Structures are given as C-alpha cells and as structure tokens.
Amino acid sequence: MNASRDELLISRVLDADAAASDWSELERMAEQDPTVWRDLGDSFRAEIAVRNAGEELLGSIRAVELPAAHASGYGNAQVSHAATRPQQATRSSHRGRIIGGAGWLAALVLLCAWLHASGATQTPKFEDDSLAPRRLGGELAVAGDAANGPANSAAPAVAVGVITFDDALSHYRTSGREEGRLVNELPMMVVDTQPQAGSDQLEVLYLRRFLERTTVDQVYELGTRDDGTAVAVPVQYTKLTDRGSL
Amino acid sequence: MTDATADLVHRACTGDRSAQQALWEEHRRWVATILLAHRPAGADLDDLLQDVAVVFVERLGELRDATRLRPWLRTVAINTARTSVRRSKVQTRAITGLDVDPTDPQSERADDARAATEEAQAALAALDELPPDFREPILLRSMQGMSQQRIARVLGVPETTVENRLARGRKLLARVLARKECPK
C-alpha cells in the first residue's frame, strides 16, 4: 500500500528531511485543504508520544543481562541450567523489580537495624510469646536448646519436627491478628511460573506479603563509619515520615 | 561494519564472554525495539528480552557471517515474541489457580502499569493496533533513530518501501491516537 503524497510529505517533516520544495508543496496542499495542518499536528503529537514511550520502556531494560554460560569452545554455548534458564532468568528480573520498588528495601534495612540494635536477634527463638511453641497445641513437640537455653521455662528455645508449614502460617495469622501485630495480608504476588518437566503441573514462585505493626522507642538505620564498618544511626521521626516507609 | 566490530562479533561467536557482553549491551535496546514491534499485546518486554539473551548466548556460535548479526538477532527476537503467546497462556492459568488477580489494584504489576504515563501507554496501545509491517519501521525510526536506509537493510526491503510504510503508518498511528482521545 503506497502512502499518499501528503502522508509522505508529513513524514519527511517529522524526520526533518523535508526539503524547501517539500514544504512549498505541503503549503499548497494546505491552502486547498486546511486539514493537512491538523494532520501534521496530530502526527507530531503521535511521534512525540512514541518517542516518550520508547524512552520510558527501553530505559528500564538495562537490568536484563546475559545469563551465565559454561565454557563452550567454538560453537554453541551451554547456558547454565541452574541459573539461567529463561524462566529463572526472568525470575531474577522480577525479583529485582520487587526488591527495588516502593521503599521495601528501606523498610527492611530499618527493621533489620532496629532488630540488631535492640538485640532482638540475639535472643533465643520464640522469645515473643505469640510465637512460643507452648501455644501451638498439644501436638507440638518441643525440645530445649542446650546451647542457648530456653527463654523462659514455658517457652523452650527451639521447636523441632512435627509442626507443619501450614500450621505455623495459620498460627502466625491467628495470633498476629489477636495481638494486633499483623495488620493485614496483602494479595500474593506471582513472581514466576514454569511447567514441570514430565507432568502437567506448574511450579509457581510467589511472594507472601504481610503488613505488620510494632512499637519501638527508637528506629535506627545502617550507616558506615569512615573506616567502613557499619554503625546504627538513630533516625529522626520527621525523616521517617518523609521517606514514606514504616 | 568496522574491522573492530567484526572482530568483536567473531570473538563473541567463539565464546568470549566479555565480547558477548559488549555486543549484548550494544544491541540490547535495538532488540527490545524489535520485540516491541512483534510482541503480543501485553507481553512483558523484560521477560521477552531475557529469553532473547538466553538464545543469544546459546546459539551465537551458529552465526557464520559477522555482518549478519543484526538480521540474525531480529529473527531470534521475532521468534521469541511469537512463542511468547503460548507461555502467557500458561502463566494466566497459574495465576488463576492461586486466586491472584493480576488486575488487582494492590498488585505490583498494577502499580507498574499505573506508573507509566498515560500518553506513553496510549501510544503503545495505538502501536499495537498497527500491522507489524508499519509498526516495526516506526519503532526503529522513532525509538532507535535509524535511517530509512538502515531500516531497509534490516528488513530486507527497498528504501522506498520503508518510506511508504513510515508515512502510511504514521498517519494511521495519528488517527488511532486521535480516535482514542475522541471516541466519537
């Protein structure tokens, strides 16, 4: 399908390739039919929109890197099965987007810093009563941790064996809501899917997202001293709200 | 193609990792543009590009003529875009199985979509309505700044054909966009 003369002239104008004679011809056409100017304007707008869309879309693809490959000699390379199958490579790019978005990383750093500074991570497991094994019902088998010792007599340090993943998750939800620590559970986010070889099933990688609430006296973030070592730095309340995290 | 580029392609073909990286970085945006021209509506560009990256590493050794790198990459990109139709159906089934609604306003994907400007989205949607014969030259010209001569070489058609497709496609694109703004 050949373009009409006015379409060719407008296209040349958009490409900055229009000669003086092209402009003259376009003006003559517009004298006969003023809608030519409107077409030129519409085409300019469309061109700018396409360029902007391209910048926006293509600007975000820098994260797509080549997958790792085994040494291949001359000829075809073998892409590492463990790390670079298309689905898994895709998964990596999705992960990057997830971690990079919406201040989650900042929130995570702040939370980790607070936990570290408060010493919460150094205490035995299940120090928090809401997660203590004794609350999990009669089927739970618990064992003390000889090295760390129990946090208290009713909450031994380590639970082993019989609690299932679903039981633990269910308990987390129930007790979390009862105590007000679990504010909401956001919809799961599917990160990737891939067919399972030799079956009709699909492997699904997904992210659970829980919104929790806690109360602390002070929040810290990780800073770095001049010698490169990490240091916990108190964060001012106004600074926190500015960030929109926590 | 310069001698340096030809040497780079040759080294990449023989498995030189740094040469492959350099080539990929040089052509990544171009490949993305081809994918954009041929992808099914709504297919994730990053996913498609990642798939091409895998093929690039696996199959580059098959390239015997360094000057054919771009046509070869274009073929890989087009094939990748076409096969993605089947995969997107699989993903839809999986998402349904988990009772996760991809259009949920709280989902990350919905956030991504909202983050894009309305005008850019409208332009992409309008591009999707054009036949690929028109879409590809427009994208290569407007997003990659390629000359009509180079586009003609890549597509394997006469330069006058490219000029005609650009002119006709731009007019169609402007009409589609105008129609979306004023549905009546």
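In this predicted model, helices α2 (residues 17-38) and α3 (residues 45-59) of chain B cross at roughly 140°. Their axes come within 10 Å. The angle makes α2(B) oblique to α3(B), because only angles over 145 degrees count as roughly antiparallel. The crossing of the two helices is right-handed.

Side chains from both helices build this contact. On the α2(B) side, the residues are Arg17(B), Gln20(B), Leu23(B), Trp24(B), Arg28(B), Val31(B), Ala32(B), Leu35(B) and Leu36(B). They meet Leu45(B), Leu48(B), Leu49(B), Val52(B), Ala53(B), Phe56(B) and Val57(B) in α3(B). By class, the residues of the contact divide into 13 nonpolar, one polar and two charged.

Aromatic rings were examined next. A pair of aromatic rings is described by the distance of the centres and the angle of the planes. Over all chains, the search of the whole structure finds three aromatic pairs. One of them joins Tyr172(A) and Phe210(A). This pair is edge-to-face, with 4.9 Å centre to centre and 75° between the planes. Tyr172(A) sits in helix α7 (residues 165-178) of chain A, and Phe210(A) sits in strand β6 (residues 202-212) of chain A, so the pair ties together parts that are 38 residues apart in sequence. Phe210(A) has a relative accessible area of 21% and is therefore partly exposed.

Another aromatic pair, Trp24(B) with Phe56(B), is tilted. Its ring centres are 5.6 Å apart, and the planes are at 45°. Trp24(B) belongs to helix α2 of chain B and Phe56(B) to helix α3 of chain B, so this pair ties together parts that are 32 residues apart in sequence. Trp24(B) and Phe56(B) are both buried. Together with Trp72(B), they form one aromatic cluster.

In chain A, Leu8(A) has its place in helix α1 (residues 5-14). Its relative accessibility is 12%, so Leu8(A) counts as buried; the cut-off for buried is under 20%. Leaving aside residues up to four places away in sequence, Leu8(A) touches Ala3(A), Glu163(B), Asn164(B) and Ala167(B). Leu8(A) and Leu26(A) are 18 residues apart in sequence. In space, the two are 10.0 Å apart, C-alpha to C-alpha.

Key. Residues are numbered from 1 along each chain as its sequence is written. Chains are lettered from A and ligands numbered from 1 in the order in which they are written. This is a predicted model: local features need pLDDT of at least 70, side-chain atom pairs count only at pLDDT 80 or more; totals for chains, interfaces and linings use all residues. Side-chain values use heavy atoms; hydrogens and water are left out. Axes are lines fitted to C-alpha atoms, for helices over the stretch in contact, and angles run from 0 to 180 degrees between N-to-C directions. Helices (H or I, at least four residues) and strands (E, at least two) are DSSP runs, numbered from the N terminus. Angles under 35 degrees count as roughly parallel, over 145 as roughly antiparallel, 65 to 115 as roughly perpendicular and the rest as oblique. A crossing is left-handed if the near helix is turned anticlockwise from the far one by less than a right angle, and right-handed if clockwise. Contact means heavy atoms within 4.5 Å. Ala, Val, Leu, Ile, Met, Phe, Trp, Tyr, Cys and Pro count as nonpolar, Asp, Glu, Lys and Arg as charged, and the others, Gly among them, as polar. Buried means under 20% relative accessible area, exposed over 50%, partly exposed in between (1.4 Å probe, protein chains only). Rings of Phe, Tyr and Trp (its six-membered ring) pair if their centres lie within 6.5 Å; planes under 30 degrees apart count as stacked, over 60 as edge-to-face and the rest as tilted.
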